[in-house]
Amino acid sequence: MLVGTGITIIRQQNLLAASMLSGIYSLLSACWMVELDAVDVAFTEASVGAGISTVLMLATLALTTRSEKKPVHKSFLPLFVVLATGAALIYGTLGAPPYGDPANVVHHHVAPRYVNDSYDETGIPNIVTSVLASYRGYDTLGETSVVFTAGVGVLLLLKRGKRSKREEKK
Amino acid sequence: MREHSIVRVVSKILLPYILLFALYVQLHGDYGPGGGFQAGVIFGAGCILYALVFGVNKARRVAPSSVVSSIMAIGLMLYAGVGVVCLFKGGNFLDYNVLRHDPHHAQELGVALIELGVGMTVAAVMFTIFMTYAERAKK
């Protein structure tokens, strides 16, 4: 279903329908993440992907147009770049350790400490929260400032302040 | 959308629960899935729903742009401020253990404060982005 929705989004000429479908795509992938027991990620995907970003895309469409423009260039070079990158990525996965093997490196670095000791060290039952907010506090601070910067950027670019109104009067 | 009475009534009924659920996600992030980011997004979405259904002007009267943009900055400053307080109390930056005597209580306090900061910033940013788009579309 995910693949089907993705292909439909690509083939869709109407941008309104495409943004609706991308909301459906996010909701489907949220269901899939619940199936993988990644409830926090699924929650984020459902609220951000299916909720906010669909609304923001619709708001953008209200500012621009509803239908896709005909492309002016031939798309052979981008197709080649995409194929080459995809091939390189697939070649890279050949060197990755086998999926789900308990002896993998990722399961032996910091993960056992988080799983075994995080409750004793922080007193927070949800490991995801303790990792995000306590062990990886710097990263979350960075993410928050990224969100803040996005807000400031939108305000600076799109907001019509008092100054521009004064200039219009002149 | 002011003429669709079904949409108006249903969103009027749903809005308090959406905002309440956002607060639940915010405060319950320690125990269940969720946390500041998700709570902020849900809270922002609730405010956007209000703006969509009842009009941008009414939403602006509830949340003037100066208030929303200061909440945006206050959230980030709250997060960084917790780190600085930890520094002054003799720990490392964002090392919550020095906030209280019991490390568990200290960690819970620190995490709750920074999640509150994240939630405030995210909700304010989402609302601001939508409002800026909507106000520009109106002109």
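Guide: One term is needed at the start: a residue is called buried when its relative accessible area is under 20%. The model shown here is predicted.

Visitor: Which residues of helix 4 of chain B are buried?

Guide: The test is a relative accessible area under 20%. In helix 4 of chain B, the residues that pass this test are B:Val68, B:Met72, B:Gly75, B:Leu76, B:Tyr79, B:Val82, B:Gly83 and B:Cys86.

Visitor: What span should the 24 residues of helix 4 of chain B have, and how far apart are its end C-alpha atoms?

Guide: The expectation rests on 1.5 Å a residue, which gives 34 Å for the 24 residues of helix 4 of chain B. The C-alpha atoms at the ends of this helix agree with that, with a separation of 34 Å.

Visitor: Is B:Leu87 buried, partly exposed or exposed?

Guide: B:Leu87 belongs to helix 4 of chain B. Buried means under 20% and exposed means over 50%, with partly exposed in between. The relative accessible area of B:Leu87 is 46%, so B:Leu87 is partly exposed.

Visitor: Which residues does B:Leu87 contact, leaving aside neighbours within four places in sequence?

Guide: B:Gly34 lies 53 residues from B:Leu87 along the chain, and the C-alpha atoms of the two are separated by 28 Å. With neighbours within four places in sequence set aside, the contacts of B:Leu87 are B:Asn92 and B:Phe93.

Visitor: Which residue with a positive phi follows helix 4 of chain B?

Guide: The phi in question is near 100°. The residue that has it, following helix 4 of chain B, is B:Gly90.

Visitor: How many helices and how many strands are there in chain B?

Guide: Along the sequence, the pattern of chain B reads α-α-α-α-α. The C-alpha trace of chain B spans about 60 × 30 × 20 Å along its principal axes. The count for chain B is five helices and zero strands.

Visitor: What percentage of the contacts in chain B with a separation of 6 or more is between residues 24 or more positions apart?

Guide: Chain B has 139 residues, of which 45% are buried. Among its contacts with a separation of 6 or more, the share from residues 24 or more positions apart is 61%.

Visitor: Are helix 1 of chain B and helix 2 of chain B roughly parallel or roughly antiparallel?

Guide: The axes of helix 1 (residues 5-27) and helix 2 (residues 36-54) of chain B come within 8 Å and cross at roughly 165°. An angle over 145 degrees counts as roughly antiparallel. Helix 1 of chain B and helix 2 of chain B are therefore roughly antiparallel.

Visitor: How many residues of the contact of helix 1 of chain B with helix 2 of chain B are nonpolar, polar and charged?

Guide: Helix 1 of chain B brings residues including B:Val7, B:Arg8 and B:Leu15, and helix 2 of chain B brings residues including B:Ala39, B:Ile42 and B:Phe54. By class, this contact of helix 1 of chain B with helix 2 of chain B has 14 nonpolar, five polar and two charged residues.

Visitor: Is B:Gln26 buried or exposed?

Guide: B:Gln26 sits in helix 1 of chain B. Not counting residues up to four places away in sequence, B:Gln26 touches B:Gly35, B:Gly36, B:Ala39, B:Glu115, B:Leu116 and B:Gly119. Its relative accessibility is 13%, so B:Gln26 counts as buried.

Visitor: Are helix 7 of chain A and helix 4 of chain B roughly parallel or roughly antiparallel?

Guide: The axes of helix 7 (residues 137-158) of chain A and helix 4 (residues 65-88) of chain B come within 10 Å and cross at roughly 160°. The crossing of these two helices is left-handed. Helix 7 of chain A and helix 4 of chain B are therefore roughly antiparallel.

Visitor: Are helix 3 of chain A and helix 2 of chain B roughly parallel or roughly antiparallel?

Guide: Helix 3 (residues 39-63) of chain A packs against helix 2 of chain B at an angle of about 30°, with the axes 10 Å apart. Angles under 35 degrees count as roughly parallel. Helix 3 of chain A and helix 2 of chain B are therefore roughly parallel.

Notes:
Residues numbered from 1 in each chain as written. Chains lettered and ligands numbered in written order. Predicted model: local features only at pLDDT ≥ 70, side-chain atom pairs only at ≥ 80, totals over all residues. Heavy atoms only, no water. Axes fitted to C-alpha atoms, helices over the stretch in contact; angles between N-to-C directions. Helix = DSSP H or I, 4+ residues; strand = E, 2+ residues; numbered from the N terminus. Parallel < 35°, antiparallel > 145°, perpendicular 65-115°, else oblique. Contact = heavy atoms within 4.5 Å. Nonpolar A, V, L, I, M, F, W, Y, C, P; charged D, E, K, R; others polar. Buried < 20%, exposed > 50% of the residue type's maximum accessible area, 1.4 Å probe, protein only. Left-handed = near helix turned anticlockwise from the far one by under 90°. Expected span 1.5 Å × (residues − 1).
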